[in-house]
Amino acid sequence: MRARGASPGSRRKAIKTLTGAADASERSVNGQERAFLVSVAVRGEPYSFSPEESLDELERLAQTAGIQVVGRELQNLDAIKSGTYIGTGKVETIRQICDAEELDMVIFDDELSPAQLRTLESEIGVRIIDRTALILDIFALHARTREGALQVALAQYSYRLPRLTRMWTHLSRQGVGGVGLRGPGETQLELDRREISRRMAQIREELDQVRKQRSSQRRRRRRQGLPVVSIVGYTNAGKSTLLNRLSGADVLVEDKLFATLDPTTRRVDLETGKEVLFTDTVGFIQKLPTQLVAAFRATLEEVLEADILLLVADISDPNLVAKVDAVDDVLAEIGAADKPTILVLNKIDLVDLEEDFYLVPNRFVGASTRFDSLRARYDRISLVSAEQGVGIEELLASVEDLISDQMVELSALLPYAQGELLNEWHKHGLVESETFTGKGVLISGRVPRGLAGSLEEFAVTGQ
């Protein structure tokens, strides 16, 4: 099984990976599909994640989808091959591996073009899956609410629409009179395109209704003056565990990528008695499919509307900085890059803190250069172990400080009939002075921005 065009080391690695494969009678355990992973490293290209690290993540994605990974191959090229993504010699090598091991599919660590998918399936002879299709499949597996299912379906249709032709190669070609797919094939393709387009339009309408409902819920929260904190971060960084620790919620926690998709919101009481809403959002990942960002717009608007972001990262992860960068990229893409943010370095129980840094109020410094870029970018950094409950009180104190920083100065004359607004001010704001007059309560202090909007018509100046 000699690989043309591959280095001796990579050939040995591919063979070594497959040597211990089970015999044919044991190759599919519990009906589990078996796959080979492929990636390309382009010489001279800068990578946030090394190609090997990205392949490691692809393997975890495959395992999350219930796929057994049998082997992997990384090819170094000067440029991606437009027709086949990898070199023709490598295509033949992988075909031989798939034949010998009776594999079900090959998974590529980038999004492939429709032409590349067609060519590779034709030449290798097994199903070809790219990273985008794999992530979409995982999202489909983990969508537990109607909203989540709709968002995933829209993303899948957006991905599949330009790739439909490869799905109909089995159709009869009798009567084909030209280069295109005429006759039965063309008819089926056009019908399928129209049906998918119709379904996508229907899903968008349903998601627009979800958007309106979410917008209405946010307006009610704003009228109540409740600050909103969105928990964001790379998938599997511990966001759901942190929400559970903060609120006593029971959000699903699993050691899997994208274990939870649907946003969960919980009220949390701070030490001062103030209430805050914490929202756990979908995890991010490098090479996040653009279809998902578009489809999850309604969910991601929770991030846009938040007063504060908690960016959760796994401090024990060797790719910590690269994963924070990946989250920052998505936040910039959705327009949330300038939100007040606390970087929450989670899982401190898995590292030796004294070796890397020591703490000063709201910051950390130390000898390790690993964290230099994070120190430069984030004024507020909290160290926690969500699982062990370490650092949670300090994190909540930082949240309360930041909420206070976000409040606006205001003076208002509230009619006695507006007792509810007065209660909200006392509950969520800071009162500096309060005088009962014949016309109402003259009050001054600081309130959350959302509550300030409800108080605007009663605002007075010169007090």
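Q: In which loop is Asp317 found?
A: This is a predicted model, in which local features need pLDDT of at least 70, side-chain atom pairs count only at pLDDT 80 or more, and totals for chains, interfaces and linings use all residues. Residues are numbered from 1 along each chain as its sequence is written, and side-chain values use heavy atoms, with hydrogens and water left out. Helices (H or I, at least four residues) and strands (E, at least two) are DSSP runs, numbered from the N terminus. Asp317 lies in the loop between strand E8 (308–314) and helix H11 (320–333).

Q: Is Asp317 buried or exposed?
A: Buried means under 20% relative accessible area, exposed over 50%, and partly exposed in between (1.4 Å probe, protein chains only). Asp317 has 12% relative accessibility, so the residue counts as buried.

Q: Which backbone nitrogen does the side chain of Asp317 reach?
A: A polar contact is a pair of N or O atoms within 3.5 Å; within protein, one must be able to donate a hydrogen and the other to accept it, and residues adjacent in sequence count only if both atoms are side-chain atoms. At 2.7 Å, the side chain of Asp317 reaches the backbone nitrogen of Asn319.

Q: How far apart are the end C-alpha atoms of helix H2?
A: The expected span of a helix is 1.5 Å times one less than its number of residues. Helix H2 (residues 51–64) has 14 residues and should therefore span 20 Å; this agrees with its end C-alpha atoms, which are apart by 20 Å.

Q: Which element has the lowest mean pLDDT?
A: pLDDT is the predictor's confidence in each residue, from 0 to 100. Strand E3 (residues 105–108) has the highest mean among the elements of the protein chain, 97, while the lowest, 37, belongs to helix H1 (residues 8–19).
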